[in-house]
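Look through the sequence and the structure first, then read the points below.

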Amino acid sequence: MADNRDFDLILFGATGFVGKLTAEYLLEAAPAGARIALAGRSEDKLARVRDELGAAAKGWGIVVADSTDQAALDALAARTKVVVTTVGPYLRYGMPMVAACAKAGTHYADLTGEPLFIRDAIDNYHDEAVRTGAKIVNSCGYDSIPSDLSVYQLYRKSVTDNTGELGDTTLIASLKGGVSGGTIDSGRAMMEAIAEDPSRQSALSHPYALSPDKSMDPDVGRQSDLALQRASAIDPSLEGWVGTFVMAAHNAKIVRRTNGLLGWVYGKNFRYREVMSAGKSPAAPLVAAGISGGLVAGLAAGGLLSRFPAGRKLLDRVLPKPGTGPSKKARENGWFCMKTYTRTSSGARYVATFSGKGDPGYQATSVMLGESGLSLAFDTNEQPVTAGVLTPAAAMGDALTARLKEAGMTIDVKPI
C-alpha cells in the first residue's frame, strides 16, 4: 500500500453509539502522530463528536460520505490505509464500503455478526482484495475475536509443545452485558433476507458456510450449536451445566474459516462449538434449558414475524432501536470470560482463557475494534502476509493478541 495517503485510519460511522465509543478509545490508544479521521453522513454531527473528544482530537480529519454513495466511499477508501466501520446492519449498508476498500487496496475492519453478509463479501470481493493487497477483516468485536484468537492460541500452544492436532474444542461463555439494538437489527436483516430468498438459509445453518474450500473441510460429523448438558461432558474438571450460546453459530463459522484460511492446520479431526455457562446451582439445569429453549423460540418467532409487514412493524415497536445502548455505569460494570477447552491428538488437554472488563457488546467491543484498526494500520511487519476477506486470527494473529493483552485483556493458554 502506498504511503502517500492522507490518513492512517478512518472511522466510518463515528456519530453512532459504538462509533463514538470507538473514537474515544482511539483517542487514548492511537500512537502519537497517528493520522485519524471521522467519517459519516453529517459534517455537523462529525464536528460535534470531534469537539466532544477534546483538544487531543483537534487535528483529526472529517470525511463526509453516505453508505449509499459509492463514489464518495471510493474516494474515502483511497485516502486512508485502514477503514474501521460500525455502519450496520452490514447486510443492508455494508457492501459498498467493502467494494471500495477491495478496489483501493485499503484494509478494513467491521463488527458484523452476519454470516450472510460475509458470504456475499467473500463471493464478490475476496479475489479483488487479494489482487490489491487489501485485508477485509470481519467480526472484529466481541463477535468473534475472543472465539477466533482463543482457538488460534490453542493451536499455537499445541505446536510449541508438539502435542499434535486439535480435536474436540468447546468454548464456554460467561458474561454480564446487554444485547445491543444494532445486534438485534442485524439479526432482523438476515431473517428478512431469508424470508425474501429461502435458499440463503444454508449460510446460517451450515457449519462451514464461510469455508474457503468446502471440499477440504474436516469430516467430523454433526456440529450442533444447540446445547443442554453437564459441563463435565466438555472436560472432566468442570462442574455445573451449559446451555446454548446466542452467538455460537456465527462465531463457530469464523473459527472454521480461520482454520481453512490457515491451511486447515488445526487438524483433520478438529470439531468446534460454543456454549454458555448456566452455573452450578441446583437450578442450573433449568437455567440451561431456559437459555436454550428461549433462544430457539425467540429465533423462530422473529423469523416468522419478519416474513410479514405487520410482523416487522410489531418488531419495530418492541425491540431495542439501533444506535441505542446502556449507560456508562452499566457499560463499566459489564464483563466477559471465555474459556475454551481442547484435547489434542496426543491426549493433551488445554484451556484458553480470554477475558476482559466492560460490557462485551459495547465497551469491550470498542477496544477490540479499535485495536484491530490500529493493528492493520501499524503492525504490517508483525502480521501474516495475506490478503482477501479474512478473519481476525488469519489477518492479525499474534500481533492483535499482543495488542489486546497490552490493552488489559487476559489471553492465555494453560495445560490441564
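**Briefing: salt bridges and a buried cysteine**

Arg-403 and Asp-379 are both buried, where buried means under 20% relative accessible area, exposed over 50% and partly exposed in between (1.4 Å probe, protein chains only). The model is predicted, so local features need pLDDT of at least 70 and side-chain atom pairs count only at pLDDT 80 or more, while totals for chains, interfaces and linings use all residues. Residues are numbered from 1 along each chain as its sequence is written, and side-chain values use heavy atoms, with hydrogens and water left out.

**Salt bridges**

- The structure holds 16 salt bridges, a salt bridge being a side-chain nitrogen of Lys or Arg within 4 Å of a carboxyl oxygen of Asp or Glu.
- One of them joins the side chains of Arg-403 and Asp-379, at 2.6 Å from N to O.
- This pair links distant parts of the chain, 24 residues apart: Arg-403 is in helix α15 (residues 392-406), and Asp-379 is in the loop between α14 (363-378) and β13 (388-390).
- Helices (H or I, at least four residues) and strands (E, at least two) are DSSP runs, numbered from the N terminus.
- Another salt bridge brings together the side chains of Glu-165 and Lys-268, at 3.7 Å from N to O.
- Here too the pair links distant parts of the chain, 103 residues apart, with Glu-165 in the loop between α7 and β7 (166-176) and Lys-268 in the loop between α10 (248-261) and β10 (271-279).
- Glu-165 counts as partly exposed because its relative accessibility is 32%, and Lys-268 counts as exposed because its value is 60%.
- The side chains of Glu-239 and Lys-280 also form a salt bridge, at 3.9 Å from N to O.
- Glu-239 lies in the loop between β8 (228-230) and β9 (241-244) and Lys-280 in the loop between β10 and α11 (284-305), so this pair ties together parts that are 41 residues apart in sequence.
- Glu-239 and Lys-280 are both exposed.
- Asp-8, Arg-35 and Lys-81 are linked in a network of salt bridges.

**Cys-140**

- Cys-140 is found in the loop between β6 (135-137) and α7 (145-161).
- Cys-140 counts as buried because its relative accessible area is 0%.
- Residues in contact with Cys-140 include Ala-109, Asp-110, Leu-111, Thr-365, Met-368 and Pro-392, not counting residues up to four places away in sequence; contact means heavy atoms within 4.5 Å.
- Cys-140 and Pro-392 are 252 residues apart in sequence, and their C-alpha atoms are 6.4 Å apart in space.
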